[in-house]
Amino acid sequence: MSQPVGDWVLSSVQARILEGVAAGFSSGRLSRELYLSSKTIDYHVRVMSDKLQAPNRVALVSRAFVLQILRTDSWPPRIADETMD
């Protein structure tokens, strides 16, 4: 599963991580829920932050909303295009 963001493709794992970050979850909580290590969560957050030129998690979420990657009409936050492969 993937979600295109410009010329970059957001993987399904990154989509779930971004939703969790937008909901305010820590790397520890995300790692437990997604069965990934905290380092893996942090790696994906860093990759997404670099791609969206966001200096921190708050800016990452803000840019994801502005770029309409995240839907503005749901809580908890969800990726805008639910028809991911």
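Okay, a definition to start: we say a charge sits over a ring if NZ of Lys or CZ of Arg is within 6 Å of the ring centre and within 35 degrees of the ring normal. Here, the charged end of Arg 29 does that with the ring of Phe 25, at 3.7 Å from its centre.

Quick housekeeping. This is a predicted model, where local features need pLDDT of at least 70, side-chain atom pairs count only at pLDDT 80 or more, and totals for chains, interfaces and linings use all residues. Residues are numbered from 1 along each chain as its sequence is written, and side-chain values use heavy atoms, with hydrogens and water left out.

Now the layout. The chain has four helices and two strands, which are DSSP runs numbered from the N terminus: H or I for helices, at least four residues, and E for strands, at least two. Along the sequence that reads β-β-α-α-α-α.

What about the inside? Of the 85 residues, 39% are buried, meaning under 20% relative accessible area with a 1.4 Å probe, protein chains only. The largest nonpolar core, so buried Ala, Val, Leu, Ile, Met, Phe, Trp, Tyr and Cys residues joined through side-chain atoms within 4.5 Å, has 19 residues.

Last one: His 44, over in helix 3. Is His 44 buried or exposed? Buried, because its relative accessibility is 16%. Skipping residues up to four places away in sequence, His 44 touches Val 13, Gln 14 and Ile 17, where touching means heavy atoms within 4.5 Å.

How values were computed. Buried < 20%, exposed > 50% of the residue type's maximum accessible area, 1.4 Å probe, protein only.
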